[in-house]
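Visitor: I have a structure to look at and would like to go through it slowly. Could you walk me through it?

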Amino acid sequence: MKKFLLPFIGTDQKFTFICTNYIYSGQIENISKDTVVSKNAQIIFETGPINQKGWRNSEDFPHLLFIARQSIESYFILDK
């Protein structure tokens, strides 16, 4: 995971992280052995159709978001 995400640190590319309890989307600020730090992040409560522009129900997170790597089930690039 870290090897794949390293080139995207500090770029404007948004990633979506499906985690144990929530879905998060944002740009990668940093990666450590325990966390992925995301900026300009959103917490997604309801996705809506994948091909729909924008999330059906999401909230902008006002600070850096620290995601525990052990809770990440999958991640992908999805510009919504």
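Predicted model: local features only at pLDDT ≥ 70, side-chain atom pairs only at ≥ 80, totals over all residues.

Visitor: Where does Ile-28 lie, and is it buried or exposed?

Guide: Ile-28 lies in strand β2, and its relative accessible area is 0%, so it counts as buried.

Visitor: Which residues of the largest nonpolar core touch the most other members?

Guide: That core has 13 residues, and those touching the most other members are Leu-5, Phe-17, Cys-19, Tyr-24, Ile-28, Ile-67 and Ile-72. Strands β1, β2, β3 and β5 (65-68) each supply at least two residues of this core.

Visitor: What does Ile-67 touch, again skipping residues up to four places away?

Guide: Ile-67 touches Phe-17, Cys-19, Tyr-24, Asp-34, Thr-35, Val-36 and Ile-72 on that count.

Visitor: Back to β2. How do β1 and β2 run, and how many bridges join them?

Guide: Strand β1 (residues 14-19) and β2 run antiparallel and are joined by 5 bridges. The two strands form a hairpin, with 3 residues between them, and within this pairing Thr-16 stands opposite Ser-25 in β2.

Visitor: Which strand pairs with β1 over 5 bridges in the antiparallel sense, besides that one?

Guide: That is strand β6 (residues 72-77), which pairs with β1 in the antiparallel sense over 5 bridges. In that pairing Ile-18 stands opposite Ser-74 in β6.

Visitor: You mentioned Ser-25. Is it buried or exposed?

Guide: Ser-25, whose place is in strand β2 (residues 23-31), has a relative accessible area of 2%, which means that it is buried. A polar atom of the Ser-25 side chain lies 3.4 Å from the backbone oxygen of Phe-15. Leaving aside neighbours within four places in sequence, the contacts of Ser-25 include Lys-14, Phe-15, Thr-16, Asn-40 and Trp-55.

Visitor: And Gln-27, what does its side chain reach?

Guide: The side chain of Gln-27 reaches the backbone oxygen of Asp-12 at 3.2 Å, and a polar contact of 2.5 Å joins it to the side chain of Asn-40. Gln-27 also lies in strand β2, and with a relative accessible area of 9% it is buried.

Visitor: New topic, charges. How many salt bridges does the structure hold?

Guide: The structure holds 3 salt bridges. As background, side chains of opposite charge can pair when their charged atoms come close.

Visitor: Which residue does Glu-29 meet in a salt bridge?

Guide: The side chain of Glu-29 meets that of Lys-39, at 3.6 Å from N to O. This pair links distant parts of the chain, with Glu-29 in strand β2 and Lys-39 in strand β3 (residues 35-46), 10 residues apart. Glu-29 counts as partly exposed, at 32% relative accessibility, and Lys-39 is partly exposed as well, with a relative accessible area of 23%.

Visitor: What about Glu-46, which residue is its partner in a salt bridge?

Guide: Its partner is Arg-56, and the closest N and O atoms of Glu-46 and Arg-56 are 3.1 Å apart. Here too the pair links distant parts of the chain, since Glu-46 is in strand β3 while Arg-56 is in the loop between β3 and β4 (57-60), 10 residues away. Glu-46 is partly exposed, with a relative accessible area of 36%, and Arg-56 is partly exposed at 48%.

Visitor: And which residue forms a salt bridge with Asp-34?

Guide: Lys-33 does, with the closest N and O atoms 4.0 Å apart. Lys-33 counts as exposed, at 71% relative accessibility, whereas Asp-34 is partly exposed, with a relative accessible area of 47%.

Key: Residues numbered from 1 in each chain as written. Heavy atoms only, no water. Helix = DSSP H or I, 4+ residues; strand = E, 2+ residues; numbered from the N terminus. Buried < 20%, exposed > 50% of the residue type's maximum accessible area, 1.4 Å probe, protein only. Polar contact = N/O pair within 3.5 Å; in protein donor to acceptor, adjacent residues only side chain to side chain. Contact = heavy atoms within 4.5 Å. Pairing = 2+ DSSP bridges. Core = buried A, V, L, I, M, F, W, Y, C linked by side-chain atoms within 4.5 Å.
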